[in-house]
Amino acid sequence: QRDGNGYIQEVGNFVFNATPIGFCQVDNSTMAALELPTSTHKGQNLTFYSVDINSLSLTKRVTTTPVAPLDDITWPSVTGSAYSGGNLYISYVPMNPNTFATPAVDTAFVAVYSYPDFKFKKLMKDTRTGNIGSWNAFNGFQKDEQGNLYAMSNTSLTNGFSQTAGHSGFLRIKAGETEFDPEYFFDFEALTGYKIAHWLYLGNGKVYAEVNTNQKAGAWSDADNICVIIDLNAKTSTTINEIPKHSGMGGRRFVAFAENGYVYAPVTTSDGVYIYRTEIATATAVRGAKVSATFVGGLFKLN
């Protein structure tokens with residue numbers, strides 16, 4: 001945190017047993033974290049944590065929740081976590097840990113756990129889209145102002161899927177529910193012909209996203225992306241024409257920051273890495289500062 005003189009000071013620290021693959025905010029004082037064994041031979045249980053934001057301490061650790069039934073098809077690769085209405089939601093992709101093959105891309109999978117005891121409640125499935133989120137991007141969910149969760153299906157060859165049959169689009173989970181909302185479905189791929197790669201919720205149903213325009217660009221390449229403003233309510237997509245086609249962040253989390261009607265995001269092309277500022281209301285962008293780096297790992301505002 002900043003001290004009285006404006007300098008950054010460390011206020012605490014904690015250590016996990018292994019790298020958490022799910023991390024989400026529960027409320028203003030608590031976060032939840034999840035560890036998953038790397039394969040069935042490394043363990044059969046999940047490990048959940050509660051984290052106190054203010055004291056930076058691990059206040060609870062639960063090691064008795066089984067991985068099953070997430071491993072019914074093959075070992076799960078967790079792609080997102082979110083809290084809403086007393087439940088913790090975990091999205092995942094069935095992905096062979098040795099070959100990275102994705103054998104069941106035609107179904108959305110979301111596991112629901114109670115909070116704060118982290119007990120398994122239900123495995124939600126839906127065949128209107130493909131798998132939710134993508135490998136190592138932790139981009140399965142975004143939460144709106146009412147606590148509803150929007151789940152994004154990617155199933156893009158350029159983001160690590162071995163097949164691409166599942167449609168890319170959005171489903172909704174109403175706050176605290178354990179079923180996908182049967183009245184909401186946005187088939188983004190049918191509308192545009194493209195697959196969503198990365199996204200950031202902006203408010204009032206608007207989303208800033210990178211979408212992949214070329215499934216032949218090469219596996220894991222995250223290449224040939226354009227940026228768009230998506231309206232989840234109106235089910236529309238508007239291309240930001242001023243941002244050139246570019247490669248995305250690969251398996252990294254989406255780097256973008258929104259404030260006061262604008263989105264700030266780095267874009268990498270043959271000219272270098274530049275920060276683009278997009279006006280949300282008009283879906284128009286201007287190129288700003290050049291970053292002297294090969295990529296930007298994060299973009300934040302310090303209060």
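User: Where is the place of Asn136?
Analyst: This is a predicted model, and in it Asn136 sits in the loop between S8 and S9. Strand S8 covers 120-126, and strand S9 covers 141-143.

User: What is phi of Asn136 near?
Analyst: Phi of Asn136 is near 65 degrees, which is a positive value in a residue other than glycine.

User: And does Asn136 count as buried or partly exposed?
Analyst: Asn136 counts as partly exposed because its relative accessibility is 33%, and the buried class is for values under 20%.

User: What about Phe118, where is its place?
Analyst: Phe118 is in the loop between S7 and S8. Its phi is near 60 degrees, again a positive value in a residue other than glycine.

User: Is Phe118 buried or exposed?
Analyst: Buried: Phe118 has a relative accessibility of 0%.

User: Which peptide bond that ends at Pro116 is cis?
Analyst: That's the bond from Tyr115 to Pro116, with omega near 20 degrees. Pro116 lies in the loop between S7 and S8, where Phe118 also has its place.

User: And what is the bond from Ala68 to Pro69, cis or trans?
Analyst: The Ala68 to Pro69 bond is cis, and its omega is near 10 degrees. You'll find Pro69 in the loop between strand S4 (57-66) and S5.

User: Let's switch to pockets. How much space lies in the largest pocket?
Analyst: About 1200 Å³.

User: How many residues line the largest pocket, and which lie nearest its centre?
Analyst: The lining has 32 residues, and those nearest the centre are Gln142, Leu200, Arg253, Phe254 and Ala256. The elements giving two or more residues to this lining are strands S1 (22-25), S5 (76-84), S9 (141-143), S13 (195-203) and S17 (257-259).

User: What is the lining of the largest pocket like by class?
Analyst: It has 20 nonpolar residues, 9 polar ones and 3 charged ones.

User: What volume does the second largest pocket have?
Analyst: Its volume is about 510 Å³. The lining is made of 20 residues, with Ile21, Leu36, Pro37, Thr38 and Pro76 closest to the centre. Strand S3 (45-52) and S5 are the elements that give two or more residues to it.

User: Now the outside. Which residues form a nonpolar patch on the surface?
Analyst: Phe100, Trp135 and Trp220 form it, and together they have about 290 Å² of accessible area.

User: Where does Phe100 lie?
Analyst: Phe100 is in the loop between strand S6 (87-94) and strand S7 (108-114). With a relative accessible area of 38%, Phe100 is partly exposed.

User: Last topic: how far apart in space are Leu56 and Ala283?
Analyst: They are 38 Å apart, C-alpha to C-alpha, and 227 residues apart in sequence. Leu56 itself lies in the loop between S3 and S4.

User: Why is Leu56 called partly exposed?
Analyst: Because the relative accessible area of Leu56 is 24%, which falls between the 20% limit for buried and the 50% limit for exposed.

Notes: Residues are numbered from 1 along each chain as its sequence is written. This is a predicted model: local features need pLDDT of at least 70, side-chain atom pairs count only at pLDDT 80 or more; totals for chains, interfaces and linings use all residues. Side-chain values use heavy atoms; hydrogens and water are left out. On a 1 Å grid over the protein atoms alone, a cavity is a set of points where a 1.4 Å probe fits but cannot get out, and a pocket is an open set with protein on both sides within 12 Å along at least five of seven lines; lining residues have an atom within 4 Å of a point. Grid points are joined across faces, edges and corners, and a volume is the space filled by probe spheres set on the points. Helices (H or I, at least four residues) and strands (E, at least two) are DSSP runs, numbered from the N terminus. Ala, Val, Leu, Ile, Met, Phe, Trp, Tyr, Cys and Pro count as nonpolar, Asp, Glu, Lys and Arg as charged, and the others, Gly among them, as polar. Patches are made of residues with over 30% relative accessible area and no salt bridge: like charges are joined within 9 Å, nonpolar side chains (Val, Leu, Ile, Met, Phe, Trp, Tyr) within 5 Å. Accessible areas come from the Shrake-Rupley method with a 1.4 Å probe; for residues, only the protein chains shown count as cover. A salt bridge is a side-chain nitrogen of Lys or Arg within 4 Å of a carboxyl oxygen of Asp or Glu. Buried means under 20% relative accessible area, exposed over 50%, partly exposed in between (1.4 Å probe, protein chains only).
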